[in-house]
Structure formats: C-alpha cells, structure tokens
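Hi,

Here's the structure I promised to pass on.

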Amino acid sequence: MKIGFIGLGNMGAPMAANLAKAGYQVTGFDLTAPCPEGVTPAEAATDAANGADVVITMLPNGKILRSVAAEIHPVMSQEAIHLDCSTVDVDSARAVAKAATEAGLMAIDAPVSGGVGGATAGTLTFMAGGPEQAFAKVVQLFEVMGQKAVHCGDAGAGQAAKICNNMILGVTMIATCEAFALADKLGLDRQKMFDVVSTSSGYSWSMNVYCPAPGVGPTSPADNDYKPGFAAALMLKDLRLSQQAAEAVDADTPLGLAATRLYETFVEVESGGEKDFSAMLPRFEKRGRPFS
Ligand code: NAD
C-alpha cells in the first residue's frame with residue numbers, strides 16, 4: 001500500500017515514521033517541517049497524493065484541511081482514501097468527505113487521542129467516521145500508528161466523538177483542580193484527597209491517571225513543572241470546537257461553555273497556553289472567590 005502523508009508536525013512526523021518503519025512506502029509533504037527518517041520527501045502536496053492508495057492529512061485546522069483537500073482530491077487515484085487524522089470542526093470533516101465522494105474517492109475522519117507520546121510510541125486511539133468499507137481498508141494503518149480504533153459512524157462521527165470526549169476532559173480537569181485548591185484551603189492533605197477521590201465516586205481520568213497535583217498519583221506533567229503533555233492551548237482549541245458544534249445543533253452545554261471561558265482566560269490573558277492543561281491547579285490555588 002502506497003501512502004501519502006501531508007502535515008509532518010509534532011504528531012504527523014512520528015506517525016509517518018512509524019508507518020515507514022512498518023514497511024509501508026510513505027511519501028511526505030509539509031510546508032516547513034522536514035521529513036522524518038524513512039519517509040520520501042515530496043515537492044508539493046499533490047506529489048505526495050498522486051498515485052497513493054491512502055493519503056493521510058495531519059493539519060492544524062479545518063480551513064487548512066479544506067484547502068489541502070481541494071488541492072489533492074483532483075490528483076488522487078479513483079477509490080483512493082483520504083484519511084484525515086487532524087482535529088477539526090465537524091462541518092469541515094463533512095464538507096471534505098462530500099468533496100471526496102464527488103471526486104470518486106473515499107474519506108475517513110479519524111482524529112486521535114494520545115498526544116505526541118502516543119504518536120511516537122504508536123499507541124494512539126483513533127475515532128473514525130466514514131464508510132465501513134474505507135474503514136476496513138485503513139484498519140491496518142491504525143494498528144501500526146495506534147492501539148485502538150473505533151468506527152463511530154458516518155462522516156464527521158470521529159470528530160464528534162473527539163470533541164465530546166475532550167469537552168468531558170476539560171470539565172473534569174477543571175473540577176479536579178478546583179477541588180484540590182478547595183481541599184488545600186480546608187487543610188486537607190493532597191495525598192489523602194487523592195487516596196479518597198481516586199477510589200470514590202469523584203474519580204476520573206484527570207484524577208486517577210493524570211493527577212494535576214505534583215508528587216501525588218502516577219507520574220504526570222504536574223511532576224515536570226507542568227510541561228505538556230497536552231498544552232492548554234490545544235485544550236482550548238478542542239473546547240472551542242465543542243462550542244462551535246453545540247451552537248450549530250442547538251445543544252445546551254453550560255459546563256463545556258464555562259470550561260471554554262476558563263481556558264480562554266488561562267491561555268489568552270494569563271499566558272498559560274504553553275503549559276500543560278492541568279496547570280489549572282496552580283492557577284486556582286492562588287485565587288480567592290471572584291466576587292466576595
Ligand atoms: P503541528 O502544528 O506541530 O503540525 C501541523 C503541521 O502542518 C505543521 O508542520 C505545518 O507546517 C503543516 N502544515 C500547515 N499547513 C500545511 C499545508 N497547507 N500543507 C502541508 N503542511 C501544512 O500540529 P500537531 O501538534 O502535529 O497537530 C496536528 C493535528 O493533530 C491538529 O489538528 C491537532 O489539534 C491534532 N492533535 C494534536 C495533539 C498534540 O498533542 N499535539 C493531540 C491530538 C490531536
């Protein structure tokens with residue numbers, strides 16, 4: 001199977017490298033980033049796409065995805081698959097899938113969870129939307145780049161699953177951080193707080209696996225001065241996508257909205273964008289109630 005890979009940034013480069021290591025013939029293109037070892041560099045996105053059985057895109061946002069798709073679809077072989085692994089808005093994913101179908105191609109939106117560590121280790125989770133037949137063809141690639149792939153439904157279903165998951169994650173991380181900061185002020189030891197909550201009904205991935213308190217629970221970015229991990233700016237991107245989608249379908253998401261506003265302040269006013277998203281804890285621990 002010949003693969004074209006467009007977008008070789010923090011995530012795309014290790015994903016492409018893993019495919020090349022597994023023996024696939026991979027041709028890569030990025031506007032600025034170099035090709036990783038084992039990947040043949042192309043001069044243009046169209047050169048990477050031409051003659052490929054599967055073209056993978058790993059790009060920053062929906063606008064860029066739409067423009068790259070418009071560029072590459074006309075040169076792709078009939079029945080080739082455009083597999084987009086970027087995190088983008090549901091509308092862009094559906095528009096790109098429609099354009100692909102009109103060009104005689106198949107499209108899958110398959111955003112990932114697992115970050116740069118998961119991309120490097122080949123342990124990403126893929127959540128996919130698109131035709132069953134196309135999903136079946138690319139499962140072998142998911143198995144190289146990741147450890148789990150869920151076919152969530154039609155075009156856009158992968159992006160829908162991703163933003164719903166990350167909306168829960170943003171909300172539970174904030175809840176965990178504000179609870180730690182409250183516990184501090186109540187004189188409760190953080191380790192005791194962890195011991196109780198991680199085995200009680202307040203448990204979550206944010207508490208049990210990615211504990212935002214340094215020195216407590218399993219090793220996490222909190223133990224490394226909140227270096228990401230998963231940067232607050234990326235969490236804000238996903239929360240904004242969740243609110244864009246919620247607005248489009250008239251869904252009431254009050255906590256998703258509150259989480260978006262808090263990360264907006266953290267990233268845009270308090271210079272927290274490059275810190276891990278769990279750095280909400282040192283933010284809350286310094287604060288009192290806003291209107292008392
Ligand atoms: P990145 O900015 O490191 O990489 C994006 C790459 O796309 C860059 O190298 C850029 O030069 C390239 N690019 C932009 N426009 C292009 C074009 N027209 N043609 C070719 N290349 C182009 O971003 P990343 O961290 O690799 O993230 C990629 C996607 O994965 C994003 O949608 C992001 O939300 C998602 N994601 C990231 C993480 C993470 O932890 N970094 C986790 C899950 C999902």
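This is a predicted model: local features need pLDDT of at least 70, side-chain atom pairs count only at pLDDT 80 or more; totals for chains, interfaces and linings use all residues.

Pockets first. The largest one has a volume of about 1400 Å³. Its lining runs to 48 residues, and if you want to find the centre, look for Met 11, Met 58, Thr 87, Phe 230 and Leu 234, which lie nearest to it. Several elements each put at least two residues into that lining, namely helix 3 (62–72), strand 7 (112–113), helix 5 (115–121), helix 7 (157–185), helix 9 (205–208) and helix 10 (232–248). Helix 7 supplies the largest share, with 6 residues. By class, the lining of this pocket splits into 23 nonpolar, 20 polar and 5 charged residues.

The second largest pocket comes in at about 400 Å³. Helix 7 turns up here too, giving 5 residues, the largest share of that lining. Among the lining residues are Glu 178, Leu 182 and Lys 185, along with Phe 284, Arg 287, Arg 289 and Phe 291. The class count for this second pocket is 6 nonpolar, 1 polar and 4 charged.

Now the cysteines. How many disulfides does the structure hold? The count is 0. Take Cys 152: its closest cysteine sulfur is that of Cys 164, and at 10 Å that is too far for a bond, because a disulfide needs the two sulfurs within 2.5 Å. Cys 164 is likewise in no disulfide.

Cheers

Methods
Residues are numbered from 1 along each chain as its sequence is written. Side-chain values use heavy atoms; hydrogens and water are left out. On a 1 Å grid over the protein atoms alone, a cavity is a set of points where a 1.4 Å probe fits but cannot get out, and a pocket is an open set with protein on both sides within 12 Å along at least five of seven lines; lining residues have an atom within 4 Å of a point. Grid points are joined across faces, edges and corners, and a volume is the space filled by probe spheres set on the points. Helices (H or I, at least four residues) and strands (E, at least two) are DSSP runs, numbered from the N terminus. Ala, Val, Leu, Ile, Met, Phe, Trp, Tyr, Cys and Pro count as nonpolar, Asp, Glu, Lys and Arg as charged, and the others, Gly among them, as polar.
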